[in-house]
Amino acid sequence: MSAIVLRGVHAFDPSSGVDEIIDVVVEQGKITRAGRDAGRELAATPSEKVRIILGLSEQGNQRWLFPGFVDLHAHLREPGNEAKEDIKSGLAAAAAGGYVDVCVMPNTRPVNDSTIITEWMVHKGKAANSARLHPICAITTGQNGEALTEMALLKEAGAIAASDDGKCVTRSDVMRRALEYGKTFDLPIIQHAEDHALTQGAEMHEGAISARLGLRGWPRIAEDIIVARDVLLAEYTDSRYHVAHLSTLGAARIVREAKSRGIKVTCEVTPHHLTMTHELLIGYDTACKVNPPLREAEDLEALLLALADGTIDAIATDHAPHTASDKEGPIADAAMGMIGLELCLPMLLGLVSSGKLPLARVITALSSAPAKIVGLAAPRIREGAAADLTLVDRAEEWIVTPSQLRSKSHNTPLLNQTVRGRVKATLRDGIFIHDELEGRRP
Amino acid sequence: MWTHKHLLGTADIDAARAERFFARAEHYLAFLREGERKSEELRGKVVVHLFFEASTRTRASFEMAAKRLGAEVVNLNPKGSSVSKGESLLDTLKNIEAMRADAIVVRHSASGVPHFLASRSSIPILNAGDGLHEHPTQALLDAFTIRRKRGQIHGLTVAICGDILQSRVARSNALLLGALGAKVRLVAPRTMMPPAAEALGPTVTVHHDLDEGLRDADVVMMLRIQNERFGGAMMGSTREFARTFGLDPGRMGIARPDCLIMHPGPVNWGVELSTRIESLGDRVVILDQVESGVAVRMAALSLLLTSGRAVGDAAVAS
């Protein structure tokens with residue numbers, strides 16, 4: 001195919017100031033034309049070499065075109081836990097969720113703390129020919145929180161950032177050195193902020209619900225303490241620092257204050273912390289066990305506010321697939337995490353339609369902001385840019401069933417629920433990595 | 001939760017339902033005291049005791065209750081069995097069901113296990129204690145004991161003192177006694193009190209001073225201090241706990257003169273309760289609780305295993 005013509009789509013790219021119904025023409029992996037009726041000519045001369053995609057769905061819904069999404073935080077489980085997910089299925093899920101870039105966390109088996117694994121992941125990612133995979137290497141060998149990894153060599157091998165995600169770098173001396181070393185090679189350091197001494201055996205957020213359910217609490221302060229300390233370390237070492245899955249009102253306040261003082265801190269929030277609270281644990285639904293835990297309404301409100309005012313930079317899925325048996329049984333024994341790649345957009349569109357968040361903030365936080373944090377080229381809707389695009393029917397409703405999901409795992413509280421908003425196609429470098437237009441199924 | 005099939009917790013037991021239950025327990029208490037103590041009511045039924053966590057008293061009490069009603073009891077000790085070899089809870093449940101057991105009495109160190117089993121079980125599940133969550137038969141027997149001694153529960157002030165944070169007995173009692181109209185005071189040092197403890201029951205107040213908790217109380221329920229669980233992080237010493245939050249006859253002066261003293265057992269004598277407490281005579285009702293326990297568990301087993309047909313109490317367990 002030599003050209004793709006998106007005719008009369010609602011193009012929406014806050015970074016480029018685009019918010020209008022236009023044509024977008026894609027040729028040789030790039031956006032060659034964008035503008036009102038820019039594709040009329042090509043569309044008027046039907047050819048097998050030109051694929052025309054209409055701006056209206058069969059149901060008459062206006063289709064929206066966004067810059068491709070970038071996920072800073074996914075667990076694709078390969079190598080080591082391929083029953084939960086593998087690179088191929090994980091990237092397919094990402095593409096189905098509108099993502100063109102996926103940063104994958106290093107808590108695989110073995111841990112991605114070596115150039116061999118990083119290179120292997122890059123290779124497997126390319127072979128999948130889907131969304132681009134970017135490994136995040138460990139900060140410390142084995143994620144043990146002690147000895148630093150070969151950050152310079154890992155970056156050369158393809159690592160885009162370093163994180164011990166799943167575990168916190170608890171020791172202040174190690175975190176200080178990690179920030180200094182990461183800065184030396186311009187590798188962002190991403191912290192899983194959890195003072196483990198305060199979360200021993202934790203099963204859910206510490207509060208009124210944990211008290212009633214008799215579940216061991218994960219107090220907010222365990223996150224706040226680490227974020228506060230790390231912000232001071234980032235200031236002291238004058239280095240960049242990124243907080244993964246920020247979940248508390250206190251941590252949002254600390255980051256806001258740090259930013260106002262010019263400290264180079266960024267942070268991300270998950271779609272579930274923006275839409276779900278700890279009451280969901282009543283009934284002991286293991287799908288709701290995540291780390292950090294679902295918090296309270298006041299945290300959720302504070303996170304929405306922080307996202308709206310720019311304190312929170314990015315929305316990241318923390319896509320954490322687990323098999324049914326990993327999630328079976330009591331909360332104490334259940335694995336932590338929920339899937340997110342294919343559900344993130346519908347969850348966020350719900351917040352947009354209820355007026356909680358402006359669409360522009362959502363799209364920026366899904367695309368250009370995360371790209372900037374890890375130094376990727378931000379997907380853009382403008383002539384000359386790479387064709388990294390996500391086509392969305394914001395009105396289409398669908399039921400979250402296993403057969404609808406590309407992920408191998410189905411651990412989400414939204415299972416069997418109806419959600420609104422569906423990614424119809426994803427283009428990466430002008431290639432369809434997800435395509436369910438005109439009845440197509442990948 | 002107390003559905004028609006299972007006894008999982010005390011959250012949905014209201015006053016009317018509790019009264020019907022207590023009437024039934026009263027019947028069994030009389031039977032235990034006066035009768036030949038052997039009924040055929042549950043003849044042919046097999047109750048499986050699935051105790052993942054060690055228990056002597058509760059297990060014995062359930063076993064006595066089942067046997068007095070003519071049921072057989074099979075004790076499964078998951079330690080050293082297939083369960084400890086990684087057999088899932090669900091597999092264990094399905095195997096017990098396949099053997100045609102009639103009910104399962106379960107105790108587990110993880111909160112929510114009875115609820116998980118109940119959601120997948122075709123036979124009744126009785127919660128004999130799950131993690132830090134609930135111990136419904138303990139709360140029922142405590143309420144039954146109070147009601148027998150004081151005539152009614154409504155309007156009484158009950159102080160529950162000790163490690164509230166880690167106590168399923170406190171949680172079940174706070175819900176049930178609150179539903180029955182008692183004022184519930186939870187009393188503990190701050191290290192042993194969960195956050196938002198007021199949420200534990202409809203009438204709960206929180207206290208960090210024993211005298212404040214005891215003032216004009218009608219009942220004081222002391223909890224076992226499980227020092228082995230603390231690793232030294234919850235209190236300075238048991239000696240210090242005894243001095244600050246332990247009960248002795250001298251401190252009882254601040255409570256009502258007829259205040260009952262209860263304990264779910266086993267007592268750490270000299271820690272939460274002074275041995276001198278015996279001087280208060282029949283106001284100490286710890287052994288009455290033990291006796292009531294068998295009657296209350298007979299009532300629970302009977303309700304769940306006979307679909308509530310006996311004694312006209314069908315609605316009790318509905």
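Student: How far apart do the C-alpha centres of domain 1 and domain 2 of chain B lie?
Tutor: In this predicted model, local features need pLDDT of at least 70 and side-chain atom pairs count only at pLDDT 80 or more, while totals for chains, interfaces and linings use all residues. Residues are numbered from 1 along each chain as its sequence is written, chains are lettered from A and ligands numbered from 1 in the order in which they are written, and side-chain values use heavy atoms, with hydrogens and water left out. Chain B is divided into domain 1 (15-135 + 293-305) and domain 2 (136-289), with bounds from an automatic or database domain assignment. The C-alpha centres of these two domains of chain B are separated by 26 Å.

Student: How many residues of domain 1 of chain B are in contact with domain 2 of chain B?
Tutor: Contact means heavy atoms within 4.5 Å. On the domain 2 side of chain B, 25 residues take part, and the number from domain 1 of chain B is 25.

Student: What area do domain 1 and domain 2 of chain B bury between them?
Tutor: The size of an interface is often given as the accessible area lost when the parts come together. Here buried area is the accessible area (1.4 Å probe) that two parts lose on being put together, summed over both. Of the area between the two domains of chain B, 58% is on carbon and sulfur atoms, and the total is about 2,100 Å².

Student: Which three residues supply 33% of the area that domain 1 of chain B buries against domain 2 of chain B?
Tutor: Their share is more than that of any other three residues. They are Phe22(B), Leu132(B) and His135(B).

Student: Which residue forms a salt bridge with Arg147(B)?
Tutor: Side chains of opposite charge can pair when their charged atoms come close. The rule asks for a side-chain nitrogen of Lys or Arg within 4 Å of a carboxyl oxygen of Asp or Glu, and it finds 4 salt bridges across the interface of domain 1 and domain 2 of chain B. Arg147(B) has an N to O distance of 3.1 Å to its partner, Glu19(B).

Student: Where does Met234(B) lie, and is it buried or exposed?
Tutor: Met234(B) is in the loop between β8 (219-222) and α8 (238-245) of chain B; helices (H or I, at least four residues) and strands (E, at least two) are DSSP runs, numbered from the N terminus. Buried means under 20% relative accessible area, exposed over 50%, and partly exposed in between (1.4 Å probe, protein chains only). Because its relative accessible area is 16%, Met234(B) counts as buried.

Student: What is the separation of the C-alpha atoms of Met234(B) and Met192(B)?
Tutor: Met234(B) touches Met192(B), and also Asp163(B), Leu165(B), Gln166(B) and Thr191(B), not counting residues up to four places away in sequence. Met234(B) and Met192(B) are 42 residues apart along the chain, yet their C-alpha atoms are separated by 6.7 Å.

Student: Which helix of chain A holds both Arg176(A) and Glu180(A)?
Tutor: Arg176(A) and Glu180(A) form a salt bridge, with the closest N and O atoms 3.0 Å apart. Arg176(A) is partly exposed at 27%, and Glu180(A) is partly exposed at 26%. The two residues are 4 residues apart, about one turn of the helix, and that helix is α5 (residues 172-184).

Student: How many salt bridges does the rule count over all chains?
Tutor: One pair is Arg33(A) with Glu27(A), at 3.7 Å between the closest N and O atoms. Another is Asp258(B) with Arg256(B), at 4.0 Å. Over all chains the count is 51.
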